[in-house]
Amino acid sequence: MHDSKGTTMALYMDVHSLDGPVTLGEVAKAHAADLAIQDDHGVHYLRYWVDEGNGKIFCLVDAPDAEAANTVHREAHGLVADEVHLVAEGL
């Protein structure tokens, strides 16, 4: 897949494992911060899921590489992923 500038993009699922519970509202704020700067890095955060009680966050992102995806998190709010997986979407 390529973005509008011709950069090769890939689909990643990142996983954040927090030390305690997290609310959907807290994650929504962090996601909004990601969206505000993602274009600076050629990244597009698509969706996220939250396991509030277990402090787990899962983000689906279209990015040129895993480091670009994590750079957005680092600059937006400092919460980088513990794991980043290259994934393929199925039906």
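Which residues are buried in α1? The model is predicted: local features need pLDDT of at least 70 and side-chain atom pairs count only at pLDDT 80 or more, whereas totals for chains, interfaces and linings use all residues. Residues are numbered from 1 along each chain as its sequence is written, and side-chain values use heavy atoms, with hydrogens and water left out.

Buried in α1 are V27, A30, H31, D34 and I37, where buried means under 20% relative accessible area and exposed over 50%, with a 1.4 Å probe and protein chains only. Seen down the axis of α1, these buried residues fall within an arc of 130°, so they line one face of the helix; the arc is that of the directions from the helix axis to the C-beta atoms. The face turned away from this buried side carries the exposed residues K29 and A36.

The buried residues of α1 pack against β2, β3 and α2 (contact means heavy atoms within 4.5 Å). Helices (H or I, at least four residues) and strands (E, at least two) are DSSP runs, numbered from the N terminus. Helix α1, residues 24–37, lies across β2 and β3 and runs at about 165° to β2. Angles are taken from 0 to 180 degrees between N-to-C directions, with axes fitted to C-alpha atoms, for helices over the stretch in contact.

Four strands form an open antiparallel sheet in the order β2-β3-β1-β4; pairing requires at least two DSSP bridges between two strands. Since β2 (44–51) and β4 (83–86) stand at the edges with a single partner strand each, one side of each is left without a neighbour in the sheet.
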